[in-house]
Structures are given as structure tokens and as C-alpha cells.
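Trainee: Before we look at any detail, could you show me how to read a model like this one, moving from the whole chain to the ligand site?

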Amino acid sequence: MLMDSIEDRYYSYCMSNNKPYFGKVMWALQGLPIRHAYMERLVEAQCRDRGGRPFHILEIGSWAGGSAITWAEAIKKFNKGKGQVVCIDPWKLYFDPTKCSDLPQDQQAVYREMAEALSSRKIFDLFLHNIRVSKHEDIILPFKGSSDNILPLFGDGRFDLVFVDGDHSYASVLKDLRGAGRIVCEGGLLCGDDLELQLSQLDGEYVQLHKERDYIADPKTKERFHPGVSLAVGEYFGEVSVWEGFWAMRKQGSGWHQVDFPRLPPDQVELPKHLTCQSPPELVKENYRGYNIVHYLDRHYALAQALGPVDLTKMEEKSLEKIQAAGFCVVGKSLEETECRIDQRLVPEEHPDKHLSKGVALMRQGRFGQAVPALLRAIEMKPHDPAIRNSLGIALYKLGNHAEAEQSFRAALREAPDNADAWVSLSNICCEQGRYTEAVEYLKEAASLDPRDAELITALGTLGLNLKDEEAIRRSLQCFAVTDPNHPLTRELREALGESPVATEGAV
Ligand SMILES: C[S@@+](CC[C@H](N)C(=O)[O-])C[C@H]1O[C@@H](n2cnc3c(N)ncnc32)[C@H](O)[C@@H]1O
């Protein structure tokens with residue numbers, strides 16, 4: 001699918017990682033989650049003292065399976081898994097998306113997206129996915145078809161609870177209530193969703209006028225409600241028991257009675273876990289180094305406070321990438337990882353050259369002890385750089401640490417055998433330790449790389465004369481012949497070779 005938003009990515013993630021999905025894609029989560037807490041608690045109350053008898057539920061209208069899973073969880077929790085959840089839903093387009101609401105057309109995306117989900121069959125696939133990954137395939141039984149056709153197939157009093165949440169137009173709700181009332185057992189419950197306002201709270205004429213619409217505003221209170229549900233429930237039962245829009249009635253004798261169940265105090269509202277992983281963005285840390293860290297879906301998002309308020313639920317993946325690239329958003333899997341990434345971002349960018357320059361500057365000031373850590377840091381970042389290793393060797397040498405200095409020069413030469421400075425440095429160490437024959441060999445290497453370095457050629461000639469090393473003397477003389485034929489050392493060099501002044505002139 002096209003990855004437009006964070007939500008789309010999360011939907012794809014759930015589909016390919018065996019996780020239930022009840023987010024905004026296809027409006028998979030329908031209705032208010034708090035209603036599910038009451039649904040569960042009513043099953044708990046009904047299942048008390050059942051003596052092991054199965055508890056059977058029938059649901060009209062299942063969409064992505066949110067309520068079906070709540071019922072299944074409740075049966076497993078409170079009736080040892082004994083019972084079934086029968087789901088009736090055609091999972092086919094059943095409404096005209098342009099005629100559902102009084103909202104302006106541009107605010108009716110929900111109906112267009114639901115229509116698309118039904119037409120493409122994607123919502124049925126999501127239902128099957130959610131049931132499977134929640135591990136309730138064993139007790140959830142989907143019937144693909146309309147309640148009109150399927151309800152008559154069940155015998156009287158067959159179910160302990162029937163939940164009506166199908167087509168919300170007045171005629172359909174009323175039909176469902178009639179069909180469902182018959183199949184609820186004595187003492188059982190008939191309940192449903194989306195009763196925001198009871199008929200008694202509304203202007204009857206206004207409701208009649210809009211009874212085939214899905215969701216409209218009450219002109220008196222401006223509260224939004226489902227007119228078809230309010231009217232059908234009001235006509236069928238009169239006043240019903242209702243908690244946050246979830247309503248229920250008990251079948252007793254020849255009639256229906258309200259259900260005595262208290263409103264839950266906020267600390268006792270327990271939402272089923274398949275709905276909680278879909279919670280809205282939650283601020284978990286405020287002002288962490290200028291970022292607010294928000295937990296949303298499977299990630300933590302650190303949003304720079306400079307951004308002002310950000311709605312992650314609506315953010316497109318492209319916009320997210322942009323603010324990430326600009327450093328205004330940092331994303332991590334956990335709070336710790338996100339904080340760590342922020343910390344890394346805020347450390348000024350490190351560069352090995354910065355440490356090398358610092359080391360060299362300190363060496364120039366004679367502060368060799370302070371130069372070493374800077375050079376070691378540069379080596380950590382650029383371990384194969386011969387210039388850094390050479391500088392470190394010199395600093396160590398100046399500090400009298402000849403063994404480590406030698407190691408450093410040799411490491412520089414392993415990386416770059418054509419580094420004349422390193423050969424000279426190595427030669428100096430050898431001289432310092434009286435290893436002259438070794439030293440002259442290193443100077444020969446250096447001279448072949450840098451024959452114009454007067455200091456080096458002088459050292460080669462001088463050491464050659466001292467050691468009576470003919471090759472060193474000759475090479476020194478050859479170099480001077482090109483760079484400085486009148487250098488004071490040339491006479492001595494020529495004499496040592498027993499040559500006349502003319503013989504070597506001009507030769508390299
Ligand atoms: C509001 S949704 C149900 C939401 C679901 N109970 C939940 O809480 O997640 C309404 C559902 O009713 C279904 N529906 C529409 N007409 C129906 C009919 N005649 N019989 C059964 N279901 C129907 C729709 O396909 C849709 O899935």
C-alpha cells in the first residue's frame with residue numbers, strides 16, 4: 001500500500017507482524033473504547049454463577065472485529081472460554097457516503113473511507129486478521145450476510161446476549177431490534193452501541209426528519225448523535241440503561257427491563273488490551289533538551305518544542321522525514337533510545353582533523369603531554385592516517401617514551417611506506433639509542449623519497465661519513481649535486497669517496 005502517514009506505516013507493520021490493528025486506517029476502531037469496559041463488565045456480571053454453562057453472544061455489525069474481540073476476551077476471562085461469539089456482517093457497501101451526515105462534504109472523509117474499505121473487501125480481511133492474531137478464531141464465528149437474512153435462522157432464546165451495531169439507519173436498527181429480541185434468552189441482554197442521546201432528550205420531530213442519516217448534531221445542545229439509533233431504541237424500549245453510549249436491556253418475563261449496573265469510577269475503567277495499543281499520542285517527557293517526547297503507536301517521537309503543537313496522528317511520512325532531516329524530530333523505539341539519539345545529535349560534530357590540529361598546535365607550544373590525548377582521539381576516528389600516527393610518535397618521542405614512539409612511527413610506515421618524515425623520525429630514535437647502522441638505512445629510505453630535503457641529506461651524509469657507509473655518502477653527494485653543489489659537506493663527502501670535484505658534478 002501507499003505509505004502516506006505514520007498511521008499507514010503502522011497499519012502495514014501490524015498486518016505483517018501478526019499484531020491486531022485498531023487505528024485510524026479504515027476507521028478500524030469504531031465507537032468509544034470506554035464502552036468496551038462496560039461490555040466486558042456486563043459479561044462478567046452475567047457469567048457469575050453460571051455453573052459452567054456456555055455463554056453465547058450474537059453481534060450484528062462487526063467491522064474490523066473490535067467489539068467481537070472484546071466479547072471473546074470476556075467469555076475467556078469470565079466464563080472459562082465456554083461460549084461463542086457469532087458475528088453477522090455482510091462486509092459489503094450498505095450506505096451512500098454522501099448522505100450520511102449533515103457535516104460539510106469536505107469533513108465526511110470517514111464515510112468515503114469506510115465505503116472504500118467495504119468495496120475493496122479490505123475491511124473483511126482486516127477483521128479476519130484481527131481475529132486470528134488475537135487468537136480468538138476458536139470462539140468467534142463470522143456469518144457473512146445481512147442480519148435480515150441470518151437472524152431468522154436462529155431459534156428463540158438461543159443467545160445470552162445480542163449486541164446490535166449494524167446499519168444505524170432507523171429502519172435497519174428497528175428491524176434488528178425486533179429480530180434480535182426474539183433470540184435473546186430469558187434473563188439475557190439485548191444491547192447496542194452509539195446511543196449518545198435518548199429519544200426523551202431530543203426533539204422528536206427533528207429526529208423523525210433525519211432518521212435515515214447516520215450522525216448529526218442536535219440543534220438544541222449541539223451534541224452529535226445517531227438519530228436512527230435514538231429513535232429505534234426509544235420506540236422499541238422507551239428509556240434504556242446507557243453508559244457512555246453503550247446501552248443494554250434485560251429480557252424478563254414478557255418484557256424488557258433496565259439493567260442495574262453502576263457507572264464505573266475512572267480508576268476502574270479497564271480497556272481491553274487490543275484497543276489500548278492503539279492509544280492516542282501520549283506525552284512521556286516534557287522538555288528533554290528542548291524536545292517533547294511523545295509515545296505513539298510503536299515508536300517514541302522527540303519533537304522540538306520550537307515546532308509548536310504537532311498532531312502525529314495526521315502527520316504524513318514525508319513531512320516527518322523533512323522535520324527529521326532538519327533535526328526537529330528524533331525517532332526511537334524506546335524512550336531511552338530516543339533520548340540517546342537526542343544526546344548524540346547535540347554533541348558538536350566530531351572530526352579527526354580537529355583533534356589533529358589541536359595536537360599539533362599543542363606540540364608547537366611544547367605541550368607534548370597534552371598533545372597525546374588529542375592525537376589518540378584523532379587516531380581512534382581515523383586509525384589509518386599516517387600523518388596522525390607520525391605526530392603521535394613525535395610527541396611520545398619528545399616525552400621520552402621512545403618505545404611507544406617507535407611503534408607509532410612503524411605503524412605510520414605500515415600505512416604509508418612513502419612517508420619520508422616517519423623514516424626520518426624512526427632514524428632519529430635509532431640514533432638516540434645508538435642503533436646507527438639501522439638509522440642510516442632509514443635515512444636512505446627517506447632520502448629516496450625526499451632528495452631535496454637539505455636537512456635530511458646532510459644527516460645522511462654525516463652519518464654515512466661517521467659509519468664509513470659508502471652508499472650513504474654517495475647518495476648524499478648525488479643529492480647535493482642537484483640541490484646545492486656548493487654545500488660545505490660536499491667537499492668532505494667527495495674526499496671520503498676519493499673522487500675529484502668534477503667527477504660527480506651534475507649527477508643524480
Ligand atoms: C459501526 S460498524 C460495527 C462496529 C463494530 N461493532 C465495532 O465495534 O468494532 C457497523 C457494521 O455494520 C455492518 N452492517 C451494515 N448493514 C448490516 C446488516 N444489514 N447486517 C449486519 N451488519 C450490517 C457494516 O458492514 C459494519 O461493519
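Mentor: We start with the surface, bearing in mind that this is a predicted model: the protein exposes about 25100 Å², and carbon and sulfur atoms supply 51% of that area.

Trainee: What share of the 508 residues counts as buried?

Mentor: Burial is judged by relative accessible area, with under 20% as the cut-off, and here 48% of the 508 residues fall into that class.

Trainee: How do I read the overall dimensions?

Mentor: One sets the radius of gyration beside the value for a compact globule, which for 508 residues would be near 23 Å, whereas the protein has 42 Å; along the principal axes, the C-alpha trace spans about 135 × 50 × 40 Å. The secondary structure comes to 22 helices and 14 strands, and of the contacts between residues at least 6 apart in sequence, 63% join residues at least 24 apart.

Trainee: Which residues come nearest to the ligand?

Mentor: There are 17 residues around the ligand, and Gly 61, Ser 67, Asp 89, Ser 147 and Asp 165 come nearest. The shell divides into 6 nonpolar, 8 polar and 3 charged residues, with α3 (66-78) and β2 (83-89) each supplying at least two of its members.

Trainee: Where do polar atoms of the protein lie relative to those of the ligand?

Mentor: A polar side-chain atom of Asp 89 lies 2.5 Å from a ligand oxygen atom, a backbone N or O atom of Trp 63 lies 3.1 Å from a ligand oxygen atom, and a polar side-chain atom of Asp 165 lies 2.7 Å from a ligand nitrogen atom. Of the 600 Å² of accessible area that the ligand has on its own, the protein covers 94%.

How values were computed: Residues are numbered from 1 along each chain as its sequence is written. This is a predicted model: local features need pLDDT of at least 70, side-chain atom pairs count only at pLDDT 80 or more; totals for chains, interfaces and linings use all residues. Side-chain values use heavy atoms; hydrogens and water are left out. A residue is near a molecule or strand if one of its heavy atoms lies within 4 Å of it. A polar contact is a pair of N or O atoms within 3.5 Å; within protein, one must be able to donate a hydrogen and the other to accept it, and residues adjacent in sequence count only if both atoms are side-chain atoms. Accessible areas come from the Shrake-Rupley method with a 1.4 Å probe; for residues, only the protein chains shown count as cover. Helices (H or I, at least four residues) and strands (E, at least two) are DSSP runs, numbered from the N terminus. Ala, Val, Leu, Ile, Met, Phe, Trp, Tyr, Cys and Pro count as nonpolar, Asp, Glu, Lys and Arg as charged, and the others, Gly among them, as polar. The radius of gyration is taken over C-alpha atoms; the globule rule is 2.2 Å times the number of residues to the power 0.38. Buried means under 20% relative accessible area, exposed over 50%, partly exposed in between (1.4 Å probe, protein chains only). Contact means heavy atoms within 4.5 Å.
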